[in-house]
Amino acid sequence: MRPPDPEVPHKPNLQTPDSALYCVVAGLANKSPQLYEFILPDSLPDGADFHAVFDPDDVADFEQAGSQPPADWLSKDEKTFIGQYTTMVPVQSYDVAFTPDQSRPDVPGPDETIFYRHYQISYGSLPPQIIGYGMADMTFRRVGAIQEWKMVRWVDHRDPAVPSARTIGRQRLGPPTVNP
C-alpha cells in the first residue's frame, strides 16, 4: 500500500498584509514550507523578489567561522532554507510568536506595509529550546497580476535583550541549529 501524499495546504487569500504575515507565522508553527512559500514572490516582470538582510553581528560570526555570506538572499534561497529549518528538529510543531515592537509602529500602506516584530521560535518546554530569536522588519508588497501581498524584504536584527540568541538570519546563513 502506498503511503498518503503529504498534505499540501490550501492556498490562502493574500489580499491583506495580515494574511501574508499569518502565512509566515503559521508556516513556521506548523512546519509547513508550502504555506510559508505562498508569501514569497517569484521573480516577476516588475522585478519583485524576496530579499533577506542579515544583522551585521550575524555576518561577522559567520565570517569568523571561515564562511563567506551570500551577496544577496532571494526567494530561491529562502525556499531551500525554510525546508531545512522546518525539518531541523523532529517535533510536530514549533511554538512561534511574532509580537509588535512597541518602540517602532508598523507602517501600513495601500501597496506596501512594514511590520516591526520581535520573534521567538521554539519547541518543547521546561525550558523551551529556542531555535530563532530576534527582531524583524518585514516588508510586504502587492505584486503580480492579481496584486497579492507578498513578503519582499526581511531585515533581521539581534534583540538587545538576548544578543547571543541565534536569529533567523543567522540560521539562514547556516547551518540551522538549536541555540546553545
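# A guided tour of the fold

Residues 24 or more positions apart account for 61% of the contacts in the protein with a separation of 6 or more; contact means heavy atoms within 4.5 Å. This is a predicted model, in which local features need pLDDT of at least 70 and side-chain atom pairs count only at pLDDT 80 or more, while totals for chains, interfaces and linings use all residues. Residues are numbered from 1 along each chain as its sequence is written, and side-chain values use heavy atoms, with hydrogens and water left out.

**Stop 1: the whole chain**

Show the cartoon. The protein has five helices and five strands. Helices (H or I, at least four residues) and strands (E, at least two) are DSSP runs, numbered from the N terminus. Follow the chain from that end, and the elements run α-α-β-α-α-β-β-β-β-α. The radius of gyration is 16 Å, close to the 16 Å that the globule rule gives for 180 residues, so the protein is as compact as a globular protein of that length. That radius is taken over C-alpha atoms, and the rule is 2.2 Å times the number of residues to the power 0.38. Along its principal axes, the C-alpha trace spans about 50 × 45 × 35 Å.

**Stop 2: the surface**

Of the 180 residues, 47% count as buried. Buried means under 20% relative accessible area, exposed over 50%, and partly exposed in between (1.4 Å probe, protein chains only).

Now colour by charge. There are 15 positive and 24 negative side chains, and the centres of the two sets lie 3 Å apart. Lys and Arg count as positive and Asp and Glu as negative, with His and the chain ends not counted. Each charge is placed at NZ of Lys, CZ of Arg, CG of Asp or CD of Glu.

**Stop 3: the core**

Hide the surface. Select V24, M138, F140, M151 and W154: of the 37 residues in the largest nonpolar core, these touch the most other members. A nonpolar core is a set of buried Ala, Val, Leu, Ile, Met, Phe, Trp, Tyr and Cys residues joined through side-chain atoms within 4.5 Å. Elements that each supply at least two residues of this core include α1 (17–29), α4 (75–87), β4 (129–143) and β5 (148–157). Which element gives the largest share? Helix α1 does, with six residues.

Centre on M138. Not counting residues up to four places away in sequence, M138 touches L21, V24, F98, T113, I114, F115, R117, M151, R153 and W154.

**Stop 4**

Select L28, in helix α1. L28 is buried, with a relative accessible area of 2%. Beyond its neighbours within four places in sequence, L28 is in contact with Y36, I82, Y85, Y94, V96, F98 and I121. Pick out Y85 from that group. The C-alpha atoms of L28 and Y85 are separated by 8.6 Å, though the two residues are 57 apart along the chain.

Step on to K31, in the loop between α1 and α2. K31 is not a glycine, yet has a positive phi of about 55°. At a relative accessible area of 14%, K31 is buried.

**Stop 5: strand β4**

Jump to A136, in strand β4. A136 counts as buried at 0% relative accessibility. Leaving out residues up to four places away in sequence, A136 touches R104, F115, Y116, R117, Y119, W154, V155 and D156.

Stay in β4 and select G132. G132 is buried too, with a relative accessible area of 0%.

**Stop 6**

L126 has a positive phi of about 55° although it is not a glycine. Next select P127, in the loop between β3 and β4. The peptide bond from L126 to P127 is cis, with omega near -15°.

**Stop 7: a lysine in β5**

Finish at K150, in strand β5. K150 counts as buried at 10% relative accessibility. Leaving aside neighbours within four places in sequence, K150 is in contact with L14, F38, I39, L40, P41, T139, F140, R141 and V143. One of these, F140, is also among the residues that touch the most other members of the largest nonpolar core.
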